[in-house]
Amino acid sequence: MSVGIFGLPQAGKTTIFNAATRGAAAGGRSGRAGPNLGVVKVPDARLGVLAEMDHPKRIVHAEIEYLDVPAPAGGEGPKGISAEYLNVLGGCEALLMVCRAFRDPAVAHVQASVDPYRDAASLGLELLLTDIGVLERREARIETQLRSAKAIDRDALHREQTLLASIRAQLEDEVPVRAQKLPKEAGPLLQNFSLLSAKPLMIVFNIDEDDVGRTPEIEAEMAERLGSPAVALAAVSGKLETELAEMSPEDEAEFRVSLGAGEPGLDRTAVLCYGVLGLIAFLTTGPDETRAWAIRDGATALEAAGKIHTDIQRGFIRAEIVGYDDLVRAGGLPEARKQATLRSEGKGYVMRDGDVVNFLFNV
Ligand SMILES: Nc1nc2c(ncn2[C@@H]2O[C@H](COP(=O)(O)OP(=O)(O)OP(=O)(O)O)[C@@H](O)[C@H]2O)c(=O)[nH]1
Ligand SMILES: [Mg+2]
């Protein structure tokens, strides 16, 4: 699972990135340095239990990959999405928007005042406008294709045209794709376009250290003003979290208590990404490795297969699945098979958190 971090210049994207990854990317004006990349392991106690059954050579945790994308340099008006990195954000499975809420006058603001709600709204609009542009270009291309298309292809092109026009009309009414009601066939088609407003979104307010004690109030206000489906909200002091992440675990724990700073930014952000962005884990286990894989809640067995390898997806025959709890109760896969808790599922099966899977495939 990859999460693309974006926001206005100097909003604290790199600072939040560092807090989440315990990384050491340099903050301050990043200039043309390119995206920072950091990987975080998602803690999962189930892996240890499965490993005791199979004694694999290694245990592999699900990972969240954070990409900290620089804001566009210069240009007119407040902008948070750089055309240069559009493909990077488009390739991410979720987006994390950072809005500046810290006041520090020593750090210049592109808008000359600090107002995270204004910035969240304008960045949200930027996502919509970017998608509208993508759809318009595709619609224009369909027009051209229709002029020379064979009768056999016309139908599909017409259907795509109608669908894209309806999505664009809703975007123009400021409804992001993730909140739109769409027909089933839209899913596979939209995968081709990597629309930004279709991705789960996490909005993080980068708050002042002094406001950390008011985190619950701030998050309640965020929920009231920004809450909507597939949007997760959090108030985090990026600066404080980065400082805490640099301490020894003991010092960190002590400081957290004295500051009322709650859980580590690392865990909190990972859990937020995982839970609230609608991720679940499926598990695979055997003599080589015991491993957790992150997928979208609602993903099918076929999508899960593709997570492991495109060959497994392409040659998909069926999936042998047993729930984690059933497997532990049975004491192993052969026993689960005997007790008939091991099921055979097809491509369209909707995966559940903790499913232990063996894919059968043919290439
Ligand atoms: N006081 C205070 N300063 C902060 C906080 N977060 C970030 N800063 C400062 O704000 C400046 C910008 O932070 P960055 O994390 O580099 O911001 P950015 O969004 O990555 O900036 P660009 O990549 O240049 O767009 C740095 O000087 C940080 O030290 C905060 O919570 N409090
Ligand atoms: Mg930066």
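The following dialogue examines how several features of this predicted model are named.

Tutor: The model is predicted, so local features need pLDDT of at least 70, side-chain atom pairs count only at pLDDT 80 or more, and totals for chains, interfaces and linings use all residues. Residues are numbered from 1 along each chain as its sequence is written, chains are lettered from A and ligands numbered from 1 in the order in which they are written, and side-chain values use heavy atoms, with hydrogens and water left out.

Student: Why is strand β7 called largely enclosed by the rest of the structure?

Tutor: Buried means under 20% relative accessible area, exposed over 50%, and partly exposed in between (1.4 Å probe, protein chains only). Six of the six residues of β7 (residues 231–236) are buried, so the strand is largely enclosed. Val231, Leu233 and Ala235 point one way, while Ala232, Ala234 and Val236 point the other way.

Student: What makes β6 and β7 a pair?

Tutor: Two strands pair if DSSP finds at least two bridges between them. Six bridges join β6 (residues 201–206) to β7, and the two run parallel. Isoleucine 203, for instance, has leucine 233 of β7 as its bridge partner.

Student: Why are β2 and β7 said to stand at the edges of their sheet?

Tutor: The open sheet has six strands in the order β2-β4-β1-β5-β6-β7, with mixed pairing. Both β2 (36–41) and β7 have a single partner strand, so one side of each is left without a neighbour in the sheet.

Student: Why is α8 called roughly antiparallel to α9?

Tutor: Axes are lines fitted to C-alpha atoms, for helices over the stretch in contact, and angles run from 0 to 180 degrees between N-to-C directions. Angles under 35 degrees count as roughly parallel, over 145 as roughly antiparallel, 65 to 115 as roughly perpendicular and the rest as oblique. Helix α8 (residues 238–245) and helix α9 (residues 249–259) pack at about 150°, with their axes 9 Å apart. That angle makes α8 roughly antiparallel to α9. Contact means heavy atoms within 4.5 Å; among the contacting residues are Leu240 of α8 and Phe255 of α9.

Student: How do you know that the buried residues of α2 line one face of the helix?

Tutor: Helix α2 (residues 46–54) has Arg46, Leu47, Leu50 and Ala51 as its buried residues. Seen down the axis of α2, they fall within an arc of 130°, so they line one face. The arc is that of the directions from the helix axis to the C-beta atoms. What covers these residues includes β3 (58–60) and α13 (324–330).

Definitions and conventions:
Helices (H or I, at least four residues) and strands (E, at least two) are DSSP runs, numbered from the N terminus.
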